[in-house]
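Let's take a friendly walk through one protein model. Keep the sequence and the 3D view side by side as you read.

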Amino acid sequence: MTKNTTRKLRAATQLVHAGTLRSGFGETSEALFLTQGFVYPSAEAAEARFKGEEPGFIYSRYANPTTDMFEKRMCALEGAEDARATASGMAAVAAAIICQVKAGNHVLAARAMFGSCRYIIETLLPRYGVDFTLIDGSKIENWQNAIRPNTKVLFLESPTNPTLEVIDIAAVAKVANSVGAKLIVDNVFATPLFQKPLELGAHIVVYSTTKHIDGQGRCLGGVILSDKQWVDENLHEYFRHTGPGLSPFNSWVMLKGLETLAVRVRQQTESAAKIADFLADHPAVSKVLYPGRADHPQADIIAKQMSGGSTLIAFEVKGGKKATFNVENALEIIQISNNLGDSKSLITHPTTTTHKNLTDEARAELGISDGLLRLSVGLEDADDLIEDLDAALRAAR
């Protein structure tokens, strides 16, 4: 910040100012430090910095001034003590889990998650002697029944990808605490504006900043947020020696994205709610899942842990795969893409894209039918998007 203030700033203000550092030039926009390394005024200063006795930067694989600003701004928004920005959202998920487990540990996770997250838990961790259990995370008794004395990590998405199922974070955090495990929450679909997992008891929060935080289709990124002790004892050395850090340029892009995050997400969410209501009444649609509608299966949990809906909608088209393909191909404004959280509205068929590597049985357990479409609502006029969807749904019939 340019001046110190003791006032508690609201999210939109933090998104513009928090964590800002200025060079001697007094630049308005955050400086972009495209450098690999840093020089020291003396050999003694270099030694002190490597010992941790003197503050300062050593190497951009460890930390960088531009990335440091992004991390500090995310901490202010999330209410976290420390953060590490990563090259992608999956780098954040992988680092958050792997940095704290070893052979003989157990990981417990909600099975409704992104396909690459399942790969890490189901395929990668067992190679190194880490056991896992996947459960229906919507029922707290499943967490209670599956927890073990050697459980080290609990992992969940809420709302989930792509069915927008919501999990009671506070209740799961209590289960984690019962055995001294850490709860990691992937908060991408809710965004840091509408859900605060750390305040609900979670220990670690991860984001793919590619989504809403950049939110304009420009670059990849991720971030891990937690308390300083956990970062120092678990993540710091892993991060330093394996090198998953976010590039300075992408950090600068993320800083610029944060400045407009509140404006974009609120407009996208307002449009998504309107579109969800339209889809719920459409004769070609058999089901709509949207956090914020009274008919959402976990509406009671949403009311207590989320302050807003989502930019995402899941809906089922009558007629299965053929009908969904016809809808996608008939759209004129909404674009087919597996990305989400963008300023452009994007639609995908999870069965044949993001979740295609799951078995038919696994997709059925998650409620991912051949007729399911995931819509990420952008910044276009909501009425134009409704007209586009209506024409496509009518054409598909």
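Strand 5 and strand 6 (residues 204-208) run parallel and are joined by three bridges; two strands pair if DSSP finds at least two bridges between them. Across this pairing, Ile184 stands opposite Ile204 in strand 6. Helices (H or I, at least four residues) and strands (E, at least two) are DSSP runs, numbered from the N terminus.

This is a predicted model, where local features need pLDDT of at least 70 and side-chain atom pairs count only at pLDDT 80 or more, while totals for chains, interfaces and linings use all residues. Residues are numbered from 1 along each chain as its sequence is written, and side-chain values use heavy atoms, leaving out hydrogens and water.

Strand 5 also has strand 4 as a parallel partner, through five bridges. There, Val153 stands opposite Lys182 in strand 5. Four of the five residues in strand 5 (residues 182-186) are buried, where buried means under 20% relative accessible area, exposed over 50%, and partly exposed in between (1.4 Å probe, protein chains only).

Which residues beyond its neighbours within four places in sequence is His296 in contact with? They are Leu164, Glu165, Val166, Tyr290, Pro291 and Ile302, with contact meaning heavy atoms within 4.5 Å.
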